[in-house]
Amino acid sequence: MKTILTTAIVLFLFVGAKAQISYEKRIEINLRNGYSKEVIYESRNGFFILESVKDGKVEGQEEIKYDLYNENFENIKTETVLIPRGMSFDELYYNDDYIYKSYKNKKDFLIIAINFKNLEISKYEGSIPSKAKFTDMKVLGSKAYFLTKIKKAPVLYKVDIASGKGGVIPLNIGAYSPKKTEIKNFQLLEETEEIIILSNVNISKQSSEAYYSVIDKNEKIQKAIKISSVNENNIISVSSYRQDDNTLIITGTYSKKGSLSEGLFFGKIENNQIEYIRYYNFLDLKDFLSYLPERKQERIEKKKEKKEAKGKELSFSYYIESHDVITLNDGYIFIGEAYYPTYRSEPYIVYVNGVPVTQYRMVFDGYQYTHATVCKFSKDGMLQWDVCFELSPGYKPFTPKKFVTISERTASNIGMAYTSRNYLVSKKIEFSGRVIYDEKWELQGSGNENEKVKRTFSNVNYWFKNYFLGYGSQVIKGEDGKRKVYFINKIAF
């Protein structure tokens, strides 16, 4: 493997005296070096890890290589780990300290923990309960939590990472049968060590109720709160922000019917009681469709008017990845990123009377992000203004994530940085709803004036302090011909 480290600053762009970006360092790794499927994991402590997979098996096992880099782009350590034969990747969860990956077969699971600071890799093994199905994983302290179904009843399955021993936290809703309960999603509040559960109770085949549960740091389950009754709006997802010991702000998405969201809600829970929940159709947000071409916006507006004339409501289906709510003296600032799941057709071979036949199945292909919305709500949850802007990351993540970074906050405005297509964008919005700064810079080039980039596939994510990481693959034409590289850029903002 050949690695090139460029330390010179290769580009400056100025916008008055307000902002600048610079490319400070660059790593190039020649592709086709025996490893592929590169993935970058960033830590806000100033480290990043490059993961790559060996192209061939090692005695039937998959070999994964991890390269640890510090803020100076120095490769300070490399480790490899072997995934046992028959184990398949299941779930991923990572924070600024560790990367956690879970693998499983029919009977057992394996959790791998990779330390961001020293690249120590630990393996923890355990047995999967009979007929259990793990669907999600999050890690809090020394415990991993999985959403699980055992005998058709939903539970939170807890694994002590050090020992691999597991235990069940039942998720009962009042007197309802556990088999009638479905867990929609769960969230960790790391600062308060709480777990938030959103559950649906199926009252009948046509109707359900949504319940909100809090599990505190001692794993005590508080009484579930009904947040949506039969024939009311169907809560699809919820994100929570702990304002103080007695107050939770909740946001999320809902639908009138069906399983795809049609709008967002904003609510407040005080002393374990619902104070209010306000619902807003996506199309009620004045700026929600601004990311679309004008002609498409006009067609949607006409369709909306026709629906309203018939007493009906036009709806759009999105999911929203919510940021922590920002509390102001006179209300709240909400930031949400809109996305939807995508699928692709995958061929596979079956044998009919000994003859191979190609069939196709739909396979999940990641989440496509489209745009973000910033809203101001009053203290009683009334929408006061909204601003939307396009998001077009260079890839589709397989787990929801936040692409918008809060770069600055003052008493009167908020600054954000994010990438859209091949641009790094900086935006500043006053708490009155006025956009006071909006600028973007194109992200491209290899850092060498004598070379020409023929093709780039890249994405840029926030790293730490005022730095972003830009990475991906490029085909570069230079004096010595073409080369295909995986590159990583350190971008100062």
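**Backbone, burial and charge**

Modeller: At a relative accessibility of 26%, Glu219 counts as partly exposed. This is a predicted model.

Colleague: Where does Glu219 lie, and near what value is its phi?

Modeller: Glu219 is located in the loop between S18 and strand S19 (225–228). Most residues other than glycine have a negative phi. Glu219, a residue other than glycine, has a positive phi, near 65 degrees.

Colleague: Which relative accessibility does Phe73 have, and is Phe73 buried or exposed?

Modeller: Phe73 sits in the loop between strand S6 (62–69) and strand S7 (75–83). Its phi is positive, about 65 degrees, although Phe73 is not a glycine. Buried means under 20% relative accessible area. Phe73 therefore counts as buried, at 2%.

Colleague: How far apart in space are Ala210 and Phe487, C-alpha to C-alpha?

Modeller: Ala210 belongs to strand S18 (residues 208–215) and is buried, with a relative accessible area of 2%. Among the residues that Ala210 touches, not counting those up to four places away in sequence, are Leu198, Ile225, Ile227 and Ile235. Phe487 is 277 residues from Ala210 in sequence, and their C-alpha to C-alpha distance is 46 Å.

Colleague: What is the relative accessibility of Lys268?

Modeller: Lys268 is part of strand S22 (residues 263–270). Leaving aside neighbours within four places in sequence, Lys268 is in contact with residues including Thr247, Ile249, Gln273, Glu275 and Tyr332. Lys268 counts as buried because its relative accessibility, 13%, falls under 20%.

Colleague: Which residues form a positive surface patch?

Modeller: One of the members is Lys149, placed in strand S13 (residues 143–150). Patch residues must have over 30% relative accessible area, and Lys149 is partly exposed at 42%. The positive surface patch is formed by Lys131, Lys133, Lys149, Lys151, Lys152 and Lys179.

Colleague: Which residues form a negative surface patch?

Modeller: Asp96, one of its members, lies in the loop between strand S8 (88–94) and strand S9 (98–104). Asp96 is partly exposed, with a relative accessible area of 31%. The negative surface patch is formed by Asp96, Asp97, Glu190, Glu191 and Asp324.

Colleague: How far apart are the closest N and O atoms of Lys65 and Asp67?

Modeller: The structure holds 20 salt bridges, and Lys65 forms one of them with Asp67. Lys65 and Asp67 are both buried. Their closest N and O atoms are separated by 2.8 Å.

Colleague: How many residues apart in sequence are the parts that Asp330 and Lys376 tie together?

Modeller: The side chains of Asp330 and Lys376 meet in a salt bridge, at 3.3 Å from N to O. Asp330 lies in the loop between strand S25 (326–328) and strand S26 (331–352), and Lys376 in strand S27 (residues 355–378), so the pair links parts whose separation in sequence is 46 residues. Asp330 is partly exposed at 45% relative accessible area, whereas Lys376 is buried at 3%. The value asked for is therefore 46 residues.

Definitions and conventions
Residues numbered from 1 in each chain as written. Predicted model: local features only at pLDDT ≥ 70, side-chain atom pairs only at ≥ 80, totals over all residues. Heavy atoms only, no water. Patch = residues over 30% accessible without salt bridge, like charges linked within 9 Å, V, L, I, M, F, W, Y side chains within 5 Å. Areas by Shrake-Rupley, 256 points an atom, 1.4 Å probe, with all protein chains shown as cover. Salt bridge = Lys/Arg side-chain N within 4 Å of Asp/Glu carboxyl O. Lys, Arg positive; Asp, Glu negative; His and termini not counted. Charge placed at Lys NZ, Arg CZ, Asp CG, Glu CD. Helix = DSSP H or I, 4+ residues; strand = E, 2+ residues; numbered from the N terminus. Buried < 20%, exposed > 50% of the residue type's maximum accessible area, 1.4 Å probe, protein only. Contact = heavy atoms within 4.5 Å.
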